[in-house]
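Hi everyone, thanks for coming.

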Amino acid sequence: MSNSKRKLPEELRSHRWYGVNDLRSFGHRSRTAQMGYSREEYAGKPVIAILNTWSDINPCHSHFKDRVEEVKRGIWQAGGFPIELPVSTLSEPFQKPTTMLYRNFLSMETEEVLRSYPADGCVLMGGCDKTTPALLMGAISMNLPTIFLPAGPMLSGNWNGKKLGSGSDTWKYWADLRAGKITEQDWQGVEGGIARSAGHCMTMGTASTMTSAAEALGMTLPGFASIPAPDSRHAQMSAKTGRRIVEMVWEDLKPSDLITAKSIDNAITTTLALSGSTNAIVHIIALARRAGVELTLDRFDELSRRTPVLANVRPTGEYLMEDFYYAGGLTAMLAELGDLIDGTQATVNGCSLGENIAGAEIFNDQVIRRRSNPLMPNNGLAVLRGNLAPNGAVIKPGAADPKLHVHTGPAVVFEDYNDMAARIDDEHLEIDENSVIVLKNAGPVGAPGMPEWGQLPIPKKLLLKNVRDMVRISDARMSGTSYGACVLHIAPEAFVGGPLALVENGDLIELDVPGRKLNLKISDAELARRRAAWQPLPPRFERGYGALHQVHVLQADNGCDFDFLLRKKAQESGADQSVDKASGEPEIH
């Protein structure tokens, strides 16, 4: 929990910029006066950095212009001094080839912005898929008092009286359009009705999964992650967030006080009970390792076997995030999980997680199921291993046709995304519903950036036969809003010579979700022969951030972080005396 001794004004980190009588501090004060502020507005007060991922190309965060003013209001009310700092927007719908390529970029920017400016604490404004893990990763590494403000889900979509969910209904109606079951006019109606307000996806995609995980981790005010973006309570919580971060600075309550192996387990358990996005596995591993917690895929599988799925939310379930909030929201679901959640863990409001969720009620147990009547008894996510994925792969069993949980079929191989796009609807493609569609070179290095290509399209000629699910495997990711028997995150990836690179058309592939197996049914000798003959492809980048990324990014099972950003043993022990122990940055001279 927080330190019992409150900081003195001269102990604030910003005091080094503003409170010292030297030439540099004169410059800082005079330039602050240039912006219209007098000394009494900031002197001896916590300086709060507000890292805002708003932009004109991020619809999920289109309300952040208003929310940042509400955060500032709370900071002023509590006696702090707010400074808004724009950082990379990472707009999931627009940024190509994938926001995942730039997650580590934003995490580095977050850490460096906090290190290089006079911040005593920070508010992180995010929600659209990669913004949440990126902001948290950077703030965890910097380790200043930090609180996360989740963007909140958008309102439920609507078309012709039908509720529409982000992504999930996009894929559904796109398949229907290709199969001739709906008209182009119908398709345009879906387009106009599926996104009706500010906020991120209102299905249990990566956005709601990660903001919920952040709340379970103790990094947001309790109940905030579930509130729809347009709801007035979202604005109220934003002001409360601003007030609370000022107190956190005086208490010196930092991420290192909150993020432990047990709070990471809480975040994983929450993700599993939500049947959350498979992307959360990659992100939570990265978050944990930034905090010095050694987390592996195996821990996800262990917790998955004991955790019931309680959130009846698409794509695994029936409802949407607006329904989830009205049914009691995340606090009610955490309370229902009971002893599966460690309630002793500290949170940003100074109370334990158990204190925050005590008395939370479920108001609709069709949306948030009781433990006695779960949507699924366990296996919200599953980790697979075998000679095709020696370092692991993942699948969301609840989003797949149960008949495909145990399946063996011949491979239909695509060497990369362009190859797949060019041939998947070729009427001469030798494929049927028993085939296993294989996409190579879609991983962290090979794609580049591990895009959400993993929900591979079903060939049009099979859609016309009413086939709606097939086994599909790749080293890509998949949107949390997607569904299907899609095996993802195969590690090592094909581009770096993983076994996926060696799969050929017609090879039998075995998927066994209950047995947690993914195997290429060829002999070890044949696998060795193919490995010896394999030739690497040329690098994807020659310069810039991409060149840095391809050299230093880790594989999916290690969180896709950069190898040089992992927490070092010397920093954990405090042995590196050149680093300021309080803030993790070099001293200012």
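This is a predicted model: local features need pLDDT of at least 70, side-chain atom pairs count only at pLDDT 80 or more; totals for chains, interfaces and linings use all residues.

Let me begin with how the elements are named: helices (H or I, at least four residues) and strands (E, at least two) are DSSP runs, numbered from the N terminus. Residues are numbered from 1 along each chain as its sequence is written, and side-chain values use heavy atoms, with hydrogens and water left out.

Is His 61 buried or exposed? Buried means under 20% relative accessible area, exposed over 50%, and partly exposed in between, with a 1.4 Å probe and protein chains only. His 61 has a relative accessible area of 0%, so it is buried. For contacts, I mean heavy atoms within 4.5 Å. Not counting residues up to four places away in sequence, His 61 touches Thr 53, Trp 54, Gly 126, Gly 127, Cys 128, Thr 131 and Ala 151.

His 63 sits in the loop between β1 (47-52) and α4 (64-77). His 63 counts as buried because its relative accessibility is 7%. Its contacts, leaving aside neighbours within four places in sequence, are Ala 151, Ala 198, Gly 199, Ala 229 and His 234.

Now for helix α6, residues 131-142. This helix has 12 residues and reaches 17 Å from its first C-alpha to its last, close to the 16 Å expected at 1.5 Å a residue; that expected span is 1.5 Å times one less than the number of residues. How many residues of α6 are buried? The count is 11 of the 12, so α6 is largely enclosed by the rest of the structure. Among the buried ones are Thr 131, Pro 133, Leu 135 and Met 142.

Next, a helix pair. The axes of α9 (residues 206-216) and α13 (residues 279-290) come within 10 Å and cross at roughly 35°. These axes are lines fitted to C-alpha atoms, for helices over the stretch in contact, and angles run from 0 to 180 degrees between N-to-C directions. On the α9 side, the contact is made by Thr 206, Thr 209, Met 210 and Ala 213, and on the α13 side by Asn 279, Ala 280, His 283, Ile 284 and Leu 287.

Further along is Asn 266, in helix α12 (residues 261-273). At 2% relative accessibility, Asn 266 counts as buried. Beyond its neighbours within four places in sequence, Asn 266 is in contact with Ala 216, Ile 341, Asp 342, Gln 345 and Leu 353.

Finally, the aromatic rings. Rings of Phe, Tyr and Trp (its six-membered ring) pair if their centres lie within 6.5 Å; planes under 30 degrees apart count as stacked, over 60 as edge-to-face and the rest as tilted. By this rule there are 14 aromatic pairs. Take Tyr 545 and Phe 562: their ring centres are 6.1 Å apart and their planes are at 55°, so the pair is tilted. Tyr 545 is in helix α21 (residues 544-552), and Phe 562 is in the loop between α21 and α22 (569-573), 17 residues apart. Elsewhere, ring pairs link Tyr 18, Tyr 37, Tyr 42, Trp 76 and Phe 81 into a cluster.
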